[in-house]
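Let's take a friendly walk through this model together, going from aromatic rings to nonpolar cores and then to a sheet. Please have the viewer open as you read.

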Amino acid sequence: MQVERKKCQDAEELIEFFKSLKDSPAQIIQLFSSRSEKINKKIITAFNRYLPLSTLMGVTAEEVISENQVQLNHLNAVALRFEKSSFRLLRTESDSVENARKIMKSIEADTKAIIIFSDDQFNNGDQLVEELNKCSSELIIAGGQAAPGFENESGYVFDRSGIIKKGSLALILNGSQLKAKWSYSMGWDSISREMEITRAEDQVVYELDGRNIFQVYSEFLGEDIKSKLPSIAVTKFPLVFNRGFKNARSAIEAVGDGIRFSGELKVGDRVKISYGSLNKILANSMRLQKNLDFHPEFSFVYSCSGRSQYLKSLNSNLSEEIKVVPSPKAGFSTKGEYGIIDNSYEFLNITTTVLYLSEKKEVVHKKIEFDTEKPTVKTEHLFHLSKKVVSELEMINDKMRKANQATGNHKVEETAASLFKMIFEERNYTGGIVIKEAENLTKIYLDESLGAAAYDIFKSFWQQRPEKISRKENILGFENAFLIPLTKEVEALMIILSNEVDLYDIKKNHLFIEQIPNYLKKAILYESLERNLASLSTLEQTSDFLYSTLDLDLLYERILDIIVGTMGMSAAVIFKKDENKLKMMKNINVRENSELYFYLKGHYRDIAASDQILIENEVDLFENIETLVAIPINLNDYQGILYAMQSKYQQLINENQKKFIRTLANQIRVSIRNALNHHKVKRLSVTDGLTNLYNHSYFHKQLQQKEGEKFSVAIMDIDNFKDFNDQYGHQAGDQVLRKLSEVLKSEIREDDIVARYGGEEFVIYFNLVDQNTLSRVINRLMQKIRKLEVNFDGEILKITVSIGVAVNCDGKYSPEKLIKQADTALYIAKGAGRDMVKFYRNLA
């Protein structure tokens, strides 16, 4: 490979260079021009005259590079005459996609590299490489977009056929012995958190994290930056993004309330404001020769014009960076560079790229040392930026200090409330946090200003399980609703509602927000421990409270008070099966004959049959009910169910509470069993063992309490019962007594009392004194007894009775006196014959 080059100030000097060259079909001349279109046309004419066999590949430039010099208003020509390789120059005048397709169709089997120069207005660098990447190839690409320079309105390319303002030139280099290597250097450091592009169109970015891009730059770089945008962003603060590797886009111009950038940036792209550290750029420039495993015969440098401007703003220049590139070298300042990184074609900005070429046959056995200079590293100052970064870190640290103080030994809801109110101290906002405990969703904190109306909406947000920060509009009267998933330590979702807070504010506080799950986790552990201790204490107290009474009615009241009080239930009821009928024994907030009442009764049979405690969260029964608890109570002859319901605006029952309910259920069953046993013993002490009627002693005690009241007493005796026993035996007599007792119990009224007085005698207390009414009641009773048939060993037995009645009309007789009067009336009735009734006050 033979190389000749010439840097010129005017066309005449360049034309003399053309005249000096040996013309050859194997010769390609790259011409970098920062001069006007008129001069470039003159040069093309001269080239065709003096070098008809050679190939011209020209491009406009802002600055031209010749060795380590970078200059304006110059022309620079490099003539390469290949000896062992071939090339083809492809001229295309189409859009980016079509140009890329034509380039790939022109590749040959031994193609090693492709140099692409394209215009800067109509050919989109991003679209060109996107189309190139559709073809599986690992070929090196290099080059860049033309820059307009000072004498041209736009950047363009040209060859011996003329100027191309809408198209590209592609130099396809072929040859088995041709060596090609491409390298790049960027050196931009991120100075902001990662932000999402939320509004962009046609390479113009309007919003970052929902905030105007000018405001974002101003916040990071100072208010006075507004008057300097976008020029200050061009030279110093591009946007850096990562699509497999770090790439950058520099600002070009302000467009309304947005900034146009040098390449495509789309809505959803995540970017950071960056700063080109001079220290890092110059130190990083050594990578331009890294892994270069041959001695290049020539090095082409294609570096972004924005990078050159930036280095100048720091009292440095591009010449300092490209010292590390082995000579000979030449190139130009581009509007964007082409290259290949990790087998992917890329369109770069604000980078320096180098294409090394050689046809020499050489074997390298050790690392090559190049005779180049290292750049002189300088320092620069970023006072506002440093102050801004330090200020934000101090703000976050201050919030964390406050959070540590406010979230010591506190419950989850208190912790969540404290943390939530710390996030945006300078903004008006509301919302809440929901958290997952085990398999159940638990509402941790809901700002009291929202009320119950927010519950369903927050629940639906939780069910959507967003994986990243997302935004909803017009929620509960607020312009913005931000859903922030918290997945570290706990699984939770924070909802921010505000007319002031934007996505930028949230990202600004992301370091603090990321710590919230740690505080919540600590609160959950604390509350769990406190809850376990409280549960043990509560169970101890409830057992004492339940076991201290043996009265069933009072026990039912206590059971409902405990289940509502300790579990925060909104309603509860106890149903008991009594003679095949389901009866509501006690209730709190369950109206008889209501829809809920009939629903619970309807599910009694299935729950009782399962004999399993039912605890269901998120049930869809009634509008205001979210949780249902059903505790079956099956104790031999006793069958009942305790139901408890919880409002949808309360916390759902978690695993610890379920354990508490199961333990409490056992206590409830034991307390009811104790009360039933006590009732049974008490019943045995006041009842007759054969007939199950009250006994003589109980009747007298009850009668003593009626002193001074108006009532009546009747004493009944079975006629000729001794002869009956003698004829049929005592077993038959016992059967008769039991059947007669059943008739008496079924016929007397609820306020009356019937007891076995002794042997075949029975006594009845009637809560009435009107003789006509009393006569009807007793006559109806006599009719029932006359119709009574007792089946004993296949024989039907019938009986009759005699009754004596005493009426305490004025309440002046003592209970003892009234019993004697009734006994006297019975004696007279039996003397008058069988099956008789006599009233004492009718006696003469």
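A residue counts as buried when its relative accessible area is under 20%, computed with a 1.4 Å probe on protein chains only. Keep that cut-off in mind, and also that this is a predicted model. By that cut-off Y310 is buried, because its relative accessible area is 0%. W188 is buried too, with a relative accessible area of 1%.

A pair of aromatic rings is described by the distance of the centres and the angle of the planes. For W188 and Y310, the centres are 5.1 Å apart and the planes make 45 degrees. Planes under 30 degrees apart would count as stacked and those over 60 as edge-to-face, so a pair in between is called tilted. That is how the pair of W188 and Y310 is classed. What does the pair tie together? W188 belongs to strand β14 (residues 188-190) and Y310 to helix α8 (residues 305-313), so the contact links parts that are 122 residues apart in sequence.

In total, the structure holds 22 aromatic pairs. Elsewhere, one aromatic cluster is formed by F32, F117, F298, F300, Y302 and F332. Rings also meet charges: the charged end of R287 sits over the ring of Y184, 4.8 Å from its centre. Likewise, K165 places its charged end over the ring of Y156, at 5.7 Å from the ring centre.

Now for the nonpolar cores. The largest has 49 residues, and Y217, F261 and I273 have the most contacts inside it. Helix α5 (residues 213-221) supplies the largest share of this core, 6 residues. Another core, of 36 residues, lies apart from it and includes I140, L169, L173 and Y302.

Strands of a sheet pair through backbone hydrogen bonds, either parallel or antiparallel. Here 5 strands form an open sheet with mixed pairing, in the order β39-β40-β38-β43-β44. Its edge strands, β39 (753-758) and β44 (837-839), each pair on one side only. From one strand to the next, the twist averages 20 degrees. Strand β43 (residues 801-808) runs parallel to β44, and 3 bridges join them. V805 stands opposite F839 in β44. Helix α24 (residues 815-832) packs on this sheet and touches β38, β39, β40, β43 and β44. The direction of helix α24 makes about 145 degrees with that of β43.

Technical notes:
Residues numbered from 1 in each chain as written. Predicted model: local features only at pLDDT ≥ 70, side-chain atom pairs only at ≥ 80, totals over all residues. Heavy atoms only, no water. Phe/Tyr/Trp six-rings, centres within 6.5 Å; stacked < 30°, edge-to-face > 60°. Helix = DSSP H or I, 4+ residues; strand = E, 2+ residues; numbered from the N terminus. Buried < 20%, exposed > 50% of the residue type's maximum accessible area, 1.4 Å probe, protein only. Lys NZ or Arg CZ within 6 Å of the ring centre and 35° of its normal. Core = buried A, V, L, I, M, F, W, Y, C linked by side-chain atoms within 4.5 Å. Pairing = 2+ DSSP bridges. Axes fitted to C-alpha atoms, helices over the stretch in contact; angles between N-to-C directions. Contact = heavy atoms within 4.5 Å.
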